[in-house]
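Let's take a walk through this protein together, one region at a time. Keep the sequence and the model open beside you as you read.

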Amino acid sequence: MSQHQGLPKGSDLFVEAFARGLAVIRAFGPNSQALTLSEVAERAGVTPAGARRLLHTLVTLGYARIDGRTFSLTPAVLDIGYSYLNSLSLREVALPYLEQFARDHGEICSLSVLDKDDIIYVARAEIRSPSARRLITGERLPAHATSTGHVLLAQLQADELNAFLARAPFDRLTPHTLVDADDLRAAIRTAQECGYALASQHFELGVCALAVPVHNREGQLVAALTTSLNQAKHPPEGVVPHFLPSLQRLARDISAGLT
């Protein structure tokens, strides 16, 4: 049984109203910051009456605002995510190493975990550059289209990986995105065997990313360490020899610091 599997929805310990409230929060996103009641109901899979009660509850608690016919989340909703992020000893251990990598190389370094079909940034180093790619803590990216995802998907049990790949074909974000089950399985297997993954323009044109696994003291894969690079500055063929030793060293240091 997966460690992420919870109680069946019919269980007397499953709170349906709470689940619907979380679905309403998740209805909002980068391209849907302001939504009408009917849009929220459709995205969250709840009735309009249910969406109205849940939205006004969020407004009353300060997690959402209303402007005419549209609703949007307020910054207060970040408290929910930060409660999780700040509880991670992993994040606390890793952040100084990410910042050191950014200082040494002048490039972004991030730490991510897997959540269903996405990767989530739980920590990242800041670099100040007009051309820097802004990565937001808590941001989600599709696992199939990232080197980070290929590394993290290698942690799944066979049945979990098969269930993930059964959802193929995935969204094609660039001409180079791996969308078919066989191609993704091969990339995940390569990441597992080599101990790293390199994805060139899979998520964004002109960008390549190198990711390595981070293990805890029991040898379990718990996160991925990634640097995302502008290919005009760093051609893909030079990325592995230039950055892999540093990333692997940081991953070992982070692993040694985990309790």
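First, a word on how to read the values. This is a predicted model, in which local features need pLDDT of at least 70 and side-chain atom pairs count only at pLDDT 80 or more, while totals for chains, interfaces and linings use all residues. Residues are numbered from 1 along each chain as its sequence is written, and side-chain values use heavy atoms, with hydrogens and water left out.

The protein has nine helices and nine strands; these are DSSP runs (helices H or I, at least four residues; strands E, at least two), numbered from the N terminus. Of the 259 residues, 43% are buried. Here buried means under 20% relative accessible area, exposed means over 50%, and partly exposed is in between, for a 1.4 Å probe and protein chains only. Among contacts between residues at least 6 apart in sequence, 56% join residues at least 24 apart, where contact means heavy atoms within 4.5 Å.

Now turn to helix 2, which covers residues 37-44 and has L37, V40, A41 and A44 as its buried residues. They lie on the same side of helix 2 because they cover an arc of only 100 degrees around the axis, the arc being that of the directions from the helix axis to the C-beta atoms. On the face turned away from this buried side you will find the exposed residues E42 and R43. What do the buried residues of helix 2 pack against? Their partners are helix 1 (16-26), strand 1 (34-36), helix 3 (48-61) and strand 3 (70-73). Just after helix 2 comes G45, with a positive phi of about 70 degrees.

Helix 1 brings A17, R20, G21, V24 and I25 to the contact, and helix 3 brings L54, L55 and L58.

Next, the aromatic rings: the structure holds two aromatic pairs. Rings of Phe, Tyr and Trp (its six-membered ring) pair if their centres lie within 6.5 Å; planes under 30 degrees apart count as stacked, over 60 as edge-to-face and the rest as tilted. F101 and F243 have ring centres 6.2 Å apart and planes at 40 degrees, so the pair is tilted. This pair links distant parts of the chain, with F101 in helix 5 (residues 89-105) and F243 in helix 9 (residues 236-257), 142 residues apart. Both F101 and F243 are buried. For F164 and F170, the centres are 4.8 Å apart and the planes at 25 degrees, so this pair is stacked.

Finally, find L173 in the loop between helix 7 (158-165) and helix 8 (181-194). With a relative accessible area of 38%, L173 is partly exposed. Leaving aside neighbours within four places in sequence, L173 is in contact with P142, A145, H202 and F203.
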